[in-house]
Amino acid sequence: MLRHGHARRAAGALLLGLLLVLWAPLASAQLPDLVDGGEATPAESTDGATPEREATVTYFNRDIVTFRAPFLGIPPERRARNAESAIATAVAQPGVASLGERKVPQGVVITVGGAAALVLTPGDVDPLSGQDFAQAQADLVSRLGAAIAAAEEQQEPRHLLRGALFCLLATAILVGVLWGYRWLVLRLHQWLERQVQKRLSATRAEAGRQLIRGMVTVLRWTVRIIEWVVVLVLVEEWLRFCLGQFAYTRPWADAMTGWIVARLKDFGSGVLSAIPGLLTVVLIFLLARAITKTLGLMLKGVEHGRYNLLGIDAQLAEPTRKLMVAVIWLFALAMAYPYLPGAQTDAFKGLSVLVGLMVSLGASSIIGQAAGGFTLLYSRTMQNGDFVRIGDTEGVVLQIGLFTTRLRTFTGVEVSFPNTVVLNGRLENYSRHPDGAGLWMDTNVTIGYDTPWRQVQRLLLQAAAATEGVQEAPEPFVLQTALSDFYVEYTLRTRLADPMRRNAIRTTLLSNVQDAFNEAGVQIMSPNYRGDTEAPKLVPREHWEGLPVPGTPAKADAPD
């Protein structure tokens with residue numbers, strides 16, 4: 001947006017430009033008086049250097065002719081300076097300086113006001129331009145005549161006054177246009193702000209609001225750039241018009257016009273030449289989009305379980321679709337690359353190499369993670385909903401993503417593992433047990449040798465049967481895993497349908513084990529002890545709520 005500070009700076013720049021435009025023709029009016037009437041001699045070279053082989057005659061800010069050969073021993077540089085002095089002297093004389101031509105054996109003499117000004121020789125003709133001597137002579141006369149006419153015009157005060165008045169009028173119009181443009185820009189910004197606020201108030205999702213804010217930021221910068229481009233174009237047109245009002249600065253205006261026309265011509269030819277390539281790119285992308293849409297519809301049916309396609313089931317449908325879509329678009333981009341505008345330029349090629357190098361060096365780990373994700377999916381080592389153990393972490397698989405695998409642990413914590421860690425480590429899938437989905441849970445107890453092992457097994461199975469969450473089929477069973485020095489080690493194996501409730505089920509099961517052993521009068525002396533106590537270490541049913549047991553010694557033999 002054009003703010004007040006920017007407007008003041010623009011106005012200052014306009015004023016400075018106007019002063020420079022007015023000063024140039026006024027200073028040029030005194031040029032004939034400043035030119036030395038004597039012959040200008042080039043600086044003598046003391047080191048024997050070769051003088052310049054070409055020199056251009058310039059008069060009144062215009063190039064007249066270029067000398068390329070010496071004449072009567074006079075080098076081109078000295079010939080050019082002598083010609084400029086002669087032309088300025090002739091034009092400064094009273095009256096109209098008329099041009100004349102006189103042929104001599106060496107070429108043709110050009111006269112100004114009856115006085116010889118310069119000599120054009122056949123050696124001065126540029127052989128690369130395709131001109132002959134007659135054409136070069138006519139071109140010289142035309143340029144010199146225009147320069148002399150401009151110099152005589154500049155000497156008349158009425159032309160200077162008219163040019164200054166037109167410049168002032170153009171400046172006033174430019175200032176008015178800029179102020180009107182600023183008013184229009186302010187109204188445009190206010191309208192855009194209203195539209196943005198209306199769209200934000202209608203959007204409930206925070207993600208959508210953030211997306212709108214990002215797009216608005218890009219739009220604001222784009223509008224700001226367009227605004228300043230318009231300002232620069234207006235100032236450039238004003239400057240070109242003002243320079244064209246004075247004879248001395250008119251070549252600068254013509255040069256600006258030629259530059260703008262050349263840029264527009266290059267731009268137009270570039271756009272026209274790029275149209276066939278762009279059409280080819282559009283066709284390639286449309287074909288790629290059609291193929292990906294068709295493939296997506298086919299794999300959507302597989303994903304919903306309606307049918308199988310080439311051995312791809314519902315589990316692999318989504319990753320297969322993503323992989324195929326990525327491959328198709330990469331292939332389409334490779335096919336469309338040669339048809340992009342500027343693709344054959346060295347800058348575009350260098351940028352492509354730089355981007356490829358950055359991707360290969362900085363994204364190697366990302367590509368490895370993606371390859372690991374596809375390996376996990378297509379190897380079918382696990383799937384969403386499986387209960388697995390990765391390293392020391394157990395949980396249910398939430399998602400096998402492109403870069404990470406996510407688990408939900410017993411405590412409800414979500415843990416993410418890089419796919420390379422999953423592939424390089426140990427993975428245990430409890431859901432792949434032959435007995436079906438679920439989890440086997442082991443509960444270990446140690447009971448002394450004075451308790452019959454049959455009673456211990458019966459009590460453990462009784463506790464398992466009383467625990468909610470333990471499956472009846474397959475039935476729980478008890479293993480004797482070791483005959484230690486002081487006790488027998490028993491392992492109760494139970495099958496859980498819901499692995500995520502393992503901690504809660506284990507707590508209930510251990511509570512039931514204690515209750516069963518207390519009711520049966522069996523002590524759980526673990527891990528070992530030095531001697532039996534006088535009274536058995538039991539908790540009667542009437543004291544299960546935590547009341548102290550009467551008659552129990554304050555301190556028994558401490559277990560090891």
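This is a predicted model: local features need pLDDT of at least 70, side-chain atom pairs count only at pLDDT 80 or more; totals for chains, interfaces and linings use all residues.
**Close-up views of strands, sheets and a surface patch**

View 1. In β8, R408 is the bridge partner of V396. Strand β7 covers residues 393–400 and strand β8 covers residues 404–408; the two run antiparallel and are joined by 4 bridges. Both belong to an open sheet of 5 strands, arranged in the order β9-β8-β7-β6-β10 with antiparallel pairing. Strands β9 (414–418) and β10 (427–429) stand at the edges of this sheet, and because each has a single partner strand, one side of each is left without a neighbour in the sheet. From one strand to the next, the twist averages 40°.

**View 2. The three-stranded open sheet, β3-β4-β5.** The 3 strands of this sheet pair in the antiparallel sense. At its edges stand β3 (99–104) and β5 (115–120); each has a single partner strand, so one side of each has no neighbour in the sheet. The twist here averages 30° from one strand to the next. Between β3 and strand β4 (residues 107–112) there are 6 bridges, and the pairing is antiparallel. Within this pair, G100 stands opposite T111 in β4.

**View 3. The hairpin of β1 and β2.** Strand β1 (residues 55–59) and strand β2 (residues 62–67) run antiparallel and are joined by 5 bridges. T56 stands opposite T66 in β2. The hairpin has 2 residues between the strands, and F60 takes a positive phi near 55°. Which residues of β1 lie on its covered face, and which on its uncovered one? A55, V57 and Y59 make up the covered face, whereas T56 and T58 make up the uncovered one.

**View 4. Strand β13 and its partners β11 and β12.** Strand β11 (residues 439–447) runs antiparallel to β13 and is joined to it by 9 bridges. In this pair, T443 stands opposite L492 in β13. Strand β12 (residues 477–483) also runs antiparallel to β13, with 6 bridges between them. Here L483 stands opposite V488 in β13. A hairpin through 4 residues joins β12 to β13.

**View 5. A nonpolar patch on the surface.** The patch is formed by F166, L169, I173, V177 and F241, which together have about 440 Å² of accessible area. Helix α5 (residues 157–202) supplies the largest share of the patch, 4 residues. F166 is found in helix α5. Why does F166 count as partly exposed? Its relative accessibility is 36%, and partly exposed residues are those between the limits of under 20% for buried and over 50% for exposed.

Notes. Residues are numbered from 1 along each chain as its sequence is written. Side-chain values use heavy atoms; hydrogens and water are left out. Two strands pair if DSSP finds at least two bridges between them. Axes are lines fitted to C-alpha atoms, for helices over the stretch in contact, and angles run from 0 to 180 degrees between N-to-C directions. Patches are made of residues with over 30% relative accessible area and no salt bridge: like charges are joined within 9 Å, nonpolar side chains (Val, Leu, Ile, Met, Phe, Trp, Tyr) within 5 Å. Accessible areas come from the Shrake-Rupley method with a 1.4 Å probe; for residues, only the protein chains shown count as cover. A salt bridge is a side-chain nitrogen of Lys or Arg within 4 Å of a carboxyl oxygen of Asp or Glu. Buried means under 20% relative accessible area, exposed over 50%, partly exposed in between (1.4 Å probe, protein chains only).
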